Amino acid sequence: MRNRSALILTTVLTTGALTLTACGSRDKDKDSSDNGGDKTTVTIGFDAPLTGDLSALGIGMRNSAELAVKTANKENTVDGVEFKLQPLDDQAQPSVGGTNAQKFISNKDVIGVIGPLNSSVSQSMQKPLNDADLTQVSPANTGTELTQGDGWKKGDRKRQFETFFRTATTDQVQGQFAAQYLFQKAKIKKVYLIDDQKTYGAGLAASFKDTFTDLGGKIVGTDHVNPEDRDFKSVASKVKGTGAQAVYYGGEYPAAAPLSQQLKESGADIPLMGGDGMKSEEFPKLNKKAEGDLATSVGKPVEELPSAKKFITEYNKNYKENMEAYGGGTYDATWAIIEAVKIAVSENDGKLPDDAREKVLASMSKVKFDGVTGSVSFDEYGDTTNTMMTAYEIKNNKWESKFSEAYKPR
Amino acid sequence: MNELPQQLANGLILGAMYGLIAIGYTMVYGIVQLINFAHGEIFMVGGFGALTVFLWLPDGFSLLTAIPLMIIGGIIVSVAVGTAAERFAYRPLRGAPRLAPLITAIGLSILLQQAVWKWYPEAKKDRTFPQFSGDPVHIFGADIQRGDFFLILAAPLCMLALAYYVNKTRTGRGMQATAQDPDTAKLMGINTDRIIVMAFAIGAAFAAIAAVGYGLHNGQVGFKMGFIMGLKAFTAAVLGGIGNIYGAMLGGIVLGVAEALATGYMADVPGMEQFGGGAWKDVWAFALLILVLLLRPQGLLGERVADRA
């Protein structure tokens with residue numbers, strides 16, 4: 001009995017494996033002939049954590065990418081091309097991200113990849129995708145070194161991968177903008193600096209620190225916290241004695257919310273400022289004393305952009321999950337690939353070129369459109385040229401935009 | 001301004017929380033020599049149980065009157081999960097090699113986390129927990145939040161009740177007997193299965209009370225909160241001498257105060273500027289643990305309950 005079931009299992013597995021291998025080699029022919037002749041199917045890969053504690057962000061991203069693909073198909077944005085999304089879950093783990101990259105590469109229909117959420121995952125995907133000439137657009141990776149290399153702090157900028165683009169602004173821009181806002185607009189001269197030691201948080205804090213001291217501000221103390229902690233009373237008690245007028249926190253809202261609340265409870269009645277990782281609607285919900293806290297985020301406030309309005313209405317009509325912080329950026333990232341396909345097709349007499357991956361990649365530098373987060377195009381490093389930044393403040397338990405500026409990095 | 005009283009108060013409150021959770025580790029270990037690594041998750045489900053009760057209550061219900069109900073809700077959930085774990089995961093493995101229940105405990109812990117993540121409404125991110133409003137109370141140079149009085153009161157009350165229970169009641173003495181020698185205890189007519197269930201249940205109930213304290217203290221509960229708190233509480237139990245209920249509470253408080261002082265002052269020690277602050281507090285807590293274990297391998301108070309020759 002046991003032998004027989006083992007046999008059946010083996011057979012099923014072998015058949016499955018064979019089918020999969022077969023698929024890889026003849027997908028292209030099959031799709032172009034089966035789809036009624038006049039439509040070519042083009043797949044856009046998508047990678048983000050769809051399970052685990054970052055899944056709220058990842059699912060918001062997936063929905064937004066899907067919405068972009070649906071919209072392109074409905075509006076027939078690229079004549080003769082039907083777009084399809086292939087979403088994969090990376091569980092926020094670099095190793096899984098690397099495997100997913102291989103899956104995208106081996107699927108010949110995939111001409112571009114959206115994602116991932118985490119910079120660490122991106123690092124394991126960039127190289128294989130680059131070797132396969134597969135365009136990657138991340139809506140969420142903010143680590144400056146991903147595009148400009150480790151030498152960017154010393155001004156030695158070098159493009160890392162020809163295939164890597166992003167619609168997210170770098171930590172560098174965001175930290176600088178925050179420092180300038182705090183020093184010049186909010187007239188705060190003494191800041192206590194805290195970060196969560198992750199790539200994102202530490203990057204933000206470092207960039208903030210440089211600019212703030214350059215401007216003449218004083219960092220009265222620094223500390224690092226564990227992003228899994230929820231008790232920051234000891235740190236808060238320490239901040240109180242330093243005479244800081246504000247705290248800048250490099251990190252995300254789950255730890256920022258209790259940190260801010262405990263800071264104020266400890267008697268230091270000063271605002272906490274952070275980056276886009278803090279600008280979540282969850283922040284004021286988890287923080288009873290959020291009033292007056294500040295955050296920066298990329299792009300103009302969505303209410304001020306007509307293109308964003310349409311996206312928000314469509315999104316809320318189609319999905320029940322919140323779009324979270326990166327919804328708009330993901331829509332724009334997906335749309336950037338769709339635009340690149342459009343350029344590649346129009347340059348090839350209305351047909352998808354045979355070397356579609358190379359052509360789409362070559363078209364990325366020509367992409368320029370008005371997206372959800374503002375005008376979308378990419379510079380020589382693959383970074384977004386959209387440096388529109390907005391500072392927000394909590395008013396009546398809601399983020400309210402205070403100040404927008406097209407920020408020029410220093 | 002002198003922040004020492006404040007840091008001591010911070011540490012004491014945190015320590016009370018660790019101590020309450022540590023009771024669960026220590027009692028179960030004292031009686032069946034099992035490190036129940038799923039205990040952190042039992043603490044976590046207690047927090048969600050209490051939150052559920054609060055959400056059921058009508059709007060405008062005062063938090064003070066809600067707290068007893070929330071404690072009861074938390075205890076019911078924690079005890080149910082804790083005893084079910086004992087019955088269905090650990091009891092079948094009694095007599096199996098030590099590693100088997102240990103791995104089971106780790107598996108159970110992941111299972112419980114994922115179950116809450118999956119099925120509790122909106123638990124994929126941290127959920128807001130009700131908190132007392134109002135200004136902190138100023139005592140002995142420290143500002144104490146109103147919600148923290150819960151832990152300050154609950155921890156000693158629970159300890160008194162537990163001490164009475166273990167020393168004065170029949171089941172409590174049965175518990176001591178089982179801890180000393182389960183086989184002989186059985187021969188003397190003690191229902192050891194029941195005693196073991198009781199140990200799990202008491203540990204779970206204390207964890208639930210700690211979870212209410214955690215919620216009031218931090219204003220949120222999340223499906224991941226059990227991991228780090230469980231680890232710290234386990235450390236506290238070992239620090240105080242695993243198997244000893246008083247040791248668990250003492251270990252918790254020592255650990256909490258050590259963490260607060262490390263955060264507040266380590267950077268001021270000459271030559272230690274690099275090693276201070278919030279990120280290093282866990283390192284110092286564990287350094288303390290190693291130090292205690294080197295000097296006193298049985299922990300601060302030794303193994304009194306599980307005193308076996």
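A word on classes before we set off: Ala, Val, Leu, Ile, Met, Phe, Trp, Tyr, Cys and Pro count as nonpolar, Asp, Glu, Lys and Arg as charged, and the others, Gly among them, as polar. Keep in mind, too, that this is a predicted model.

Searching the whole structure turns up 6 cavities of 30 Å³ or more. The largest cavity has a volume of about 110 Å³, and 13 residues line it. Nearest its centre you will find Asp229(A), Arg230(A) and Asp231(A), together with Tyr18(B) and Met229(B). In chain B, helix 1 (4-32), helix 8 (192-218) and helix 9 (225-240) are the elements that give two or more residues to this lining. Helix 9 of chain B gives the most, with 3 residues. Sorted by class, the lining of the largest cavity has 7 charged, 5 nonpolar and 1 polar residues.

Now turn to a pair of helices in chain A. The axes of helix 2 (residues 55-74) and helix 12 (residues 327-346) of chain A come within 8 Å and cross at roughly 40 degrees. Angles under 35 degrees would count as roughly parallel, so helix 2 of chain A is oblique to helix 12 of chain A. Their crossing is right-handed.

Which residues meet there? From helix 2 of chain A come residues including Gly60(A), Met61(A), Ser64(A) and Ala65(A), while the helix 12 side includes Gly327(A), Tyr331(A), Trp335(A) and Ile338(A). By class, this contact between helix 2 and helix 12 of chain A has 9 nonpolar and 6 polar residues, and no charged residues.

Definitions and conventions:
Residues numbered from 1 in each chain as written. Chains lettered and ligands numbered in written order. Predicted model: local features only at pLDDT ≥ 70, side-chain atom pairs only at ≥ 80, totals over all residues. Heavy atoms only, no water. 1 Å grid on protein atoms, 1.4 Å probe; cavity = no way out; pocket = protein on both sides within 12 Å on 5 of 7 lines; lining within 4 Å. Points joined across faces, edges and corners; volume = space filled by probe spheres on them. Helix = DSSP H or I, 4+ residues; strand = E, 2+ residues; numbered from the N terminus. Axes fitted to C-alpha atoms, helices over the stretch in contact; angles between N-to-C directions. Parallel < 35°, antiparallel > 145°, perpendicular 65-115°, else oblique. Left-handed = near helix turned anticlockwise from the far one by under 90°. Contact = heavy atoms within 4.5 Å.
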